[in-house]
Structures are given as C-alpha cells and as structure tokens.
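Good morning, and thank you for joining.

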Amino acid sequence: MSKLVIFEFLEGDFEQGFRVNISLGQDGLNPAVKFRAKLNPATEILKQYKDWKEAFVQINTGKDKSQSQRNGDFRGLRAGKPSKAVSRQSADILAKNLNNWLSVTDKEVQKISRELGRYLNKSDEIRVIIQTENLELQRLPWHLWEVFSKNFPRTEIAVSLPEFQEPKTYPPASKNQVKVLTVIGNSQDLDTAADLREINGLPGADVKTIDNLTKEKLIGKLEAENWDVFFFTGHSNTYQETGYLHINSNRTDDLNITDLSDAFTTAISRGLKLAVFNSCDGLGLARQLTNLHIPQIIVMRESVQDQVAQDFLKHFLKAYSRGRSLYASVRQARQRLEENWNEKFPGASWLPVICQNPAELPMTWFELRQGFRSTSRRSQLRDDNETTLLNKVKEFWIEGLLEKSLHGRLRIELGLEERLDAIAHPWGMVWETPEQLRRKLDPGTRIIDVSERMGMGGSLLILGEPGSGKTTSLLEFAEDRIAHAEQDITLPIPVVFNLSTWRGGRQTLFDWLVEELWGKYRVSKALSKDWISREKLLPLLDGLDEVREDRRESCIQAINQFIQMYGKTEVVVCSRIADYQRLKTRFKFQGAIFIDDLKELQIEDYL
C-alpha cells in the first residue's frame, strides 16, 4: 500500500510566509503522524515563476493548445522569442530558488524532512497533496523539491482545495469495460488525431467521441451514459481564476465549468472518476471542477506545445492502462517528457499536474474496468507476509528487470496467435478444422486479456522463438496481475519462478515451489505450504527449455498433476517452441499462445 502526505496550507502569503499542517499515513487510512511547520517568506518566487513561464511560451516555434485570452492577448506564440539559453536559465533559477526556499538548512524544513525520514522509505510509492486555495502555490513545480526528489524517488505531487467531500454516487454496476467520453474542442492548428489514436487504443475501453460541439450537445452527452473517464483535447485557457474550454472556432461559445456544472454533477454521481484536459492552462478548469467533488483531474499548469501534450498522453495512457497507479503513471510520463522535451522546451516536464479530491482514493485501470468504488478499498489490507512477497516480486522482476531492460522505451505490441494444437485438452475435444486450432488474435491483445477470458483456474502456455519476447510478456503479465492483487486482496499473488532448477525424479511441483519460495523469496516452508494448499499463489514459470533435456517430460507431468490437484490455481509456463514441440508430453492447459517474430517496422519504432 502506498503512503500519503498532505501539506495543508492554513494561512499566510509569499510576503509573510505560510503556516502548514503536515500529516503522514497509509493511503486510505487515518494519519499516523501530524505536525505543524512554518515556511519562510519567498518574495522572489512569483517573479521567477513568471519569468520562466514567459520564456517557456515564447520559445515555442510550433503549435500549442492555447488560444487568445478573453481580453484579446494571445497566449502561446508571441513576438520576440528569446533564445533557448534564456529559457533554460529562467528554469534553472526557478528550480534553484524553490529549493533555497524549502532548504533543509531551515529549521522548520529540517523538522519536515526528519519526520518524513522516520515514516517513509525510499522504496515507498508516495502520494503528496498540496492543499491550498492559493493559485500561485498550486502552479509551482513542487515535484522539484529535493526533500522528495532526492530521498523518495517514487513520489508524485498533486494539488487540492482546502474544502472537499466524498461525492454522492449510485452503487456501481458490474461491468468489464471502462466507459470513456472523448471531447474534441476547437483544434485549429492542432493534431488531435494523435490523442484520439492513444485513447481509442486503450484496452478494455468503450470510447465515444464527439466533436463539432455546442453547449447543448456536450451537456446531452455527459448526461446520456455512465462515464468513468472524460477526455478533452483542443484549446483552453485560464483567465484570472476561471478556466475556459474552447469548444469550436466561434469564440463566443467558449464554456467554463459553471456552464456545465449540472451535467458534470450528474456524471460524477453516476461514476465519473477522472477528467483529463490535455489542453493549455487548465488549473482554472480544475478548480471549478474540484468544487463538484470529482475524484481526480489531470491538467496542464500552463500553455503546452501540441507535441508535448501528445507525448504526455501517450506515455500516461500506456502506463495507466498497463496497471500502474494513476500517480505512478503521471510520474512516468513526466520523466519521458523530461527526456524528450526539456532540452528543447525547458520545464516542459513541469506541466502535468494531478488535482485530487482527498476524500477519494485514486482508481487503477483494472478497478475502472470492474466498476470498483474507491471507498470500498479503505479497509482492504493484505497480511504483512503477503504484502512482503508482493513487494519482492515487484521490486526484483518488474522494477529491477523489466523496467531496466526497457530503459524507458515504449513496449512493443507483440502479435499473438492462439495455438490450441500445442496442448492436450482434458475433455478430449476433437477439432474439425485447422482454423479452430490456430488463429491470429486481434491487434493489441495482451496476455492478461487471454487469461481473463479463460477465467479462474485457466492455465496458459506461452510459446515463441528465441528472442521473441516470451519472458518480457510473462513479466508484463506479472505486472498486470500484481496491480490487480494490490487492489483486491482476494486475488492470488503472482510469483515468478525459473524452471532451470527443476531436478526431476519423484519431485512434485508442490515441493519444488516450496523450495523455490524459501531459496529465492525467503518465505518459510510452513507458510509456503499453507499458501499453495489454499491456492493463494499464481505461479509464473519461465524457461521450460532451460530444464535439462532429460527432465523436461517429468516437469510437464508434475505441472499437469499439480493443476489437477489444485484446480483453482492458474499456472503460466513459457518455453521456446522448438524445444516444446520435440517433447511427447503435452500440457493439459486451457490455452496456448504463440508470440510472432518481431516485424522490421516494430524494431525500427522501438530503436
């Protein structure tokens, strides 16, 4: 479970300093620690932020998602563009002085740092909420604060208003899709097609898109169905503290959230959990929508270049739909922006910001698909031993191996083919045609989609040529299942094993799993036997081809015996296809897939 830190700004300003309440606790539970601190005056910060902002929007030489302000001044492309060096200098000055203001040399900040160090660990996933009415405080790039960025790298920082409440919602309906409403506003000179490609490619999503907007059309669509996620792409801006959506080329039709408050209130009561405004200067929109108590909003702090907005949405949705938490997904997308755009547009990675309702817990993509409510998770806590095992699997296999091997690159979408001829069917099914045995799966299908279609106890064989991505696919499946298990304590714990240590003989899979859990994960043998017997684990077995050749038949037989005895336990096995095809014994599984060789275009995109 992640940790939660809240900075509640009580009173003060940049001239006098700020009094702050700080609370620390487990996400979803009451605070374990609460104390008060005072932040010093910071009279230069606002000017330095303004200097960076002006340099940032002026250096842009392409399209952005801003439009003219209501007073007629154009936001975004302006005359007299400064050099990139000026923009970089202003960004560096702001970052340096933000940390000078919040320096650990200050006694009050020392107290904050000391309490954080006592309660938080470097490996914790940490949500921080800056709770304030002050718009200037909300605009600051808090993620640069070295107290967090140096000591707790898995932190993401959100903002909220001081007043909030849990939204009144109807009981969720059972479902297996995320209902998504995508709204295309005024997109003059923008490539919104790039946004739509990413949204329409979301797994398990039912996406409806509307454009050529009027106020009445947008209200009608918001109220027509039970939406989970709302996307807006196009132009927007904040004037004073009010945000405006530019819904078409007629500027007299610009809307603010007040114009849509009844429709959004209805949508929130019927399950709307997340609104993403991939458009310029959205804090004004967020502040208005926050007053309607929506759980989460993602906006851009300032004007955003069109390419930067596209890149953010691509990386955010890739991470979020693959099981990352909302906060971790924004953090990962921010890191990609830093790598891809901060050299050209210094500070581009500062733009995305989460606006959080503190009464709600962030929802994962899996939870959105299943129709969970955040409040239903508050009392769900796994046993400490189970949590420890989950963390070990995640830290070694996902963070330690999968993510490092990808080096931040997008994951390649592999082609999958169903291969029912590779398994022995327990009911002796007779297939009439080869087409029933082998078929290409739809583009974008992932291992977890195949597994979920099989249901409880559906064991799966993954085959492929050397280097085709079998182990990577297995670890991505593990990542998805870990994300599910972290949110639902009734689900089994995915555990990765390598079959190369299989000894054969009279060894059973049960005994081998017990030995591996002790040797690799330091789980006691008594606890391992208890978990396996109660079917609380999901064994993911890599490398059948790494088993000594004369022991492979016995390995398959032992796995078949195991799934016969423990019928609710899912098992996934990976093997090179040629090594498996040479064997006489077949797995008595419910499914088998073959990973196609990578195409040249896929390799070029990856490199």
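The sheet is open and has seven strands, in the order S15-S14-S20-S16-S19-S18-S17, with mixed pairing. Helices (H or I, at least four residues) and strands (E, at least two) are DSSP runs, numbered from the N terminus, and two strands pair if DSSP finds at least two bridges between them. Strands S15 (438-440) and S17 (493-498) each have a single partner strand and stand at the edges, so one side of each is left without a neighbour in the sheet. From one strand to the next, the twist averages 20 degrees; axes are lines fitted to C-alpha atoms, for helices over the stretch in contact, with angles from 0 to 180 degrees between N-to-C directions.

This is a predicted model, in which local features need pLDDT of at least 70, side-chain atom pairs count only at pLDDT 80 or more, and totals for chains, interfaces and linings use all residues. Residues are numbered from 1 along each chain as its sequence is written, and side-chain values use heavy atoms, leaving out hydrogens and water.

Consider S16 (residues 460-464) and S20 (residues 591-595): they run parallel and are joined by five bridges. Leu461 has Ala592 in S20 as its bridge partner. Helix H16 (residues 470-487) packs on the sheet, touching S16, S17, S18 (537-542), S19 (572-576) and S20, where contact means heavy atoms within 4.5 Å. The direction of H16 makes about 170 degrees with that of S18.

How do the axes of H15 (residues 447-454) and H16 cross? They cross at roughly 60 degrees and come within 9 Å.
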